[in-house]
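Work through the exercises below with the sequence and the model open. Each task is followed by a solution in steps.

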Amino acid sequence: MRIGEIAALVGVTTRAIRHYHHVGLLPEPERRPNGYRAYSVRDAVLLARVRRLTELGLSLDEVRDVLADDAGRDLAEVLEELDADLARQEAEIGERRRRLAVLLAAEPGETEPLSPALAALLAKTPHTASPAAAKDREHLTLLDAVGSGGQELYAALGPLAADPALLALYERLDALAEAPTDDPRIPALAAELVAAVPDEVFAAIPAEGQVVAGFQEALLAEYAPAQAEVVRRVMEAFMRRSRG
């Protein structure tokens, strides 16, 4: 058989066959006097097996391992690895579909690419026009996007988010928008904000988590000076508690 004939028989392209030759996956057959390759039935059987294995999702290196006569990995081992990889992909696709479901269920104008866990947390928060509360929502969205949040953390924040007393703290922070950095209200508000956070939240924060250089400065720059002083004190207290 010529290359076009074996390609048609097995159902692959001639380009694929030439690539298999190039990478050493399929041995080069003998050539006829006119220079054309002469493929045998054995070549067709081997090529069909390559096609079946690649259709299962195996890489060419994995196919080579399976086809090797010596020291090659057992086909069952390769297929088990492939099955585990497909299971991971299936889980990732399921998570993406859950996120899409949240977006599709949102009211017009409220669509955000949030994880279902964060969307459930934000659904518990009472409606407020507080700019400080809006900033916290944005910060949670950022944590969610970069993968620094998590279902356990959002669950721990649930009782705090649903507590109406939190709105009063946000309003007090909003009231410092025009205040100087030595305003006497700052220490008490910072202490109350720290005290409001449940211990479960700190337990849910990954111990290996690190703050990217420059993030704290960028975060504080989002606030007016007196508000930034409150947030700075809160962040320092949080770091002390998380270390302790």
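**Exercise 1.** List the residues in contact with Arg37, leaving aside neighbours within four places in sequence, and decide whether Arg37 is buried or exposed.

Solution. 
- Step 1. Take contact as heavy atoms within 4.5 Å. Arg37 is then in contact with Met1, Arg2, Ile3, Arg18, His21, Glu28, Pro29, Glu30 and Arg31.
- Step 2. Helices (H or I, at least four residues) and strands (E, at least two) are DSSP runs, numbered from the N terminus.
- Step 3. Arg37 counts as buried because its relative accessibility is 15%. Buried means under 20% relative accessible area, exposed over 50%, and partly exposed in between, with a 1.4 Å probe and protein chains only.
- Step 4. The side chains of Arg37 and Glu28 are joined by a polar contact of 2.8 Å. Such a contact is a pair of N or O atoms within 3.5 Å; within protein, one must be able to donate a hydrogen and the other to accept it, and residues adjacent in sequence count only if both atoms are side-chain atoms.

The model is predicted: local features need pLDDT of at least 70, side-chain atom pairs count only at pLDDT 80 or more, and totals for chains, interfaces and linings use all residues. Residues are numbered from 1 along each chain as its sequence is written, and side-chain values use heavy atoms, with hydrogens and water left out.

**Exercise 2.** State how many helices and strands the protein has, and what share of its residues is buried.

Solution. 
- Step 1. The protein has 13 helices and zero strands.
- Step 2. Of its 244 residues, 31% count as buried.
- Step 3. Among contacts between residues at least 6 apart in sequence, 56% join residues at least 24 apart.
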